[in-house]
Each structure stands twice: as structure tokens, then as C-alpha cells.
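Hi,

Here is the structure I promised to pass along, with my notes below it. Have a look at it first, and then read on for what turned up.

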Amino acid sequence: MAGIKLLDSWASPAAMKVRIALAEKGIEYESMEEDLPHKSPLLLEMNPVHKRIPVLIHNGKPICESMIIVEYIDEVWNDRSPLLPSDVQERTRARFWVHLIDKKIYSLIRRLVWSSSSDNKKVAAKDLIEFFKVIEGELGDKPYFGGESFGFVDVALVPFYGYFYTYETFGNFRFARECPKLVEWGKRCLQKESVSKSLPDPYKAYEFVMEHRKKLGIE
């Protein structure tokens, strides 16, 4: 397990995905917390294209983009806790949902959390709820998105559960009312040590967002 480093940030959902995957596999690694306003020379060297975390450094070589890293982890350490399904159609389905989550969720969250307009936040909250309802429909009555086992789609989505309180506060809604099955799924995921140790306290996450809004001059 020597030679594994993660360029990390405690508040980043993208970095949480990688931490969860590493924990699921039982992989020891060195977490190197980045000061994102002042990016380290190592981060700029390891990810010169996007210049962002997370970056997994394995035997000196960088792997970038959170779910690409998660898939890499699953392939390299394929003898334990598989994250992607073995069936090719189910594997493709999982990748579809992960692609949708990554494509949609960040822009929806930005519209809600970084807006100063109450009208804009109201519309953003409506759109975010609609998106999560679509995701909840895919979950259905299953314990996890892949069925009985925690897997690839769960890893992609569960970091945002740590910010549910933040989204609720800014959007003036409650996930328990809008997406009750998704809330139960989140609680189920939190029972896993890999998740509970990777996600922030919801109130700490909210405070982080509020501090960042102040730095950006958003009222």
C-alpha cells in the first residue's frame, strides 16, 4: 500500500467520493489537505489541466477527476468490496447515473447556494428537488442504488447528503418531505464507517458555505 497519496479537501464532495472508495477497499493512504485559494506546487504539477482536487497519486503517477479515480481504485484493488457491478449492462447503467449526477448536480447547487436573490434561490430549489426526485425514482425501494450492496452510484451521490441541511436552509424545504426514500438511503449509508468518517458534520458544512459566501461578498 506504499506510495498512495490523496490531494484532498475536507469540504469537497468530489474528494469525499475518493475517500469513501479508499475506505471501502481498506486502502491506507496519505491525505494531503489543500489550501484551495493557494494551490500547492504539487497540485499544479499533478493536475496541470484543471488544477483542482481530488488527485490520487499512486506510485508517483496522478489520477484525476473523482469518479475516474473511484473506478481506478475499483479496478486496481478488485479483490475486495467491488463498487461496479460485474454484469456489463448493470455496470453501464451505473455509469449512466453517475454521469447524470456529475453533469447536473453541481450547477443546480451553485444556483441555490451562491445566489443573492431570493427569487433565484426559490427557482433553484424547485429544480434541485425535481432532480433529486428523479434520482430517488432510480433508487426505488432498493437499499442501495445497485441493489443490496453499496456501490458506484452510492459513492457518487452520498457526499451531497452531508450538505442536505445546507440545501434545505437555502431553499426553505425539507428533504424528508420531498424525497423521504432518499433520506432513508442517506441514513443507511451513514451507518457505514467508510461514509460516516468521510462526510462532514452538516452544521460544519453549512458554516463553511456561509464563510465562503462572505468571502465572495454574497449577502
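Helices H1 and H3 are roughly parallel to each other, because the angle between them is about 10 degrees and anything under 35 degrees counts as roughly parallel. Their axes are 8 Å apart. On the H1 side, the contact is made by Ala14, Lys17, Val18, Ala21, Leu22 and Lys25. On the H3 side, the residues are Ser66, Met67, Ile69, Val70, Ile73 and Asp74. Please keep in mind that this is a predicted model.

Now to the domains. The domain assignment divides the chain into domain 1 (4–76) and domain 2 (88–216). Their centres, taken over C-alpha atoms, are separated by 21 Å. Domain 1 brings 13 residues to the contact and domain 2 brings 20 residues.

Leaving aside its neighbours within four places in sequence, leucine 182 is in contact with Phe132, Ile135, Glu136, Leu139, Phe145, Leu157 and Phe164. Several of these names come back in the next helix pair: Phe132, Ile135, Glu136 and Leu139 of H5 meet Pro180, Lys181, Leu182 and Trp185 of H9.

How do H5 and H9 sit against each other? Helix H5 (residues 118–139) and helix H9 (residues 180–190) pack at an angle of about 70 degrees, and their axes are 9 Å apart. An angle from 65 to 115 degrees counts as roughly perpendicular, which means that H5 and H9 belong in that class. The crossing of H5 past H9 is left-handed.

Finally, there are a few backbone details to look at. As background, most residues other than glycine have a negative phi, and most peptide bonds are trans. Here are the places that depart from this:

- Isoleucine 53 and proline 54 are joined by a cis peptide bond, with omega about 0 degrees. Proline 54 is found in the loop between helix H2 (41–46) and E3.
- Glutamate 65 is not a glycine, yet it has a positive phi of about 75 degrees. Glutamate 65 is placed in the loop between E4 and H3, and it counts as partly exposed at 26% relative accessibility.
- Asparagine 172 also has a positive phi, near 55 degrees. Asparagine 172 lies in the loop between helix H7 (164–171) and helix H8 (175–178). With a relative accessible area of 70%, asparagine 172 is exposed.

Best wishes

Methods:
Residues numbered from 1 in each chain as written. Predicted model: local features only at pLDDT ≥ 70, side-chain atom pairs only at ≥ 80, totals over all residues. Heavy atoms only, no water. Contact = heavy atoms within 4.5 Å. Axes fitted to C-alpha atoms, helices over the stretch in contact; angles between N-to-C directions. Helix = DSSP H or I, 4+ residues; strand = E, 2+ residues; numbered from the N terminus. Parallel < 35°, antiparallel > 145°, perpendicular 65-115°, else oblique. Left-handed = near helix turned anticlockwise from the far one by under 90°. Domains from an automatic or database assignment. Buried < 20%, exposed > 50% of the residue type's maximum accessible area, 1.4 Å probe, protein only.
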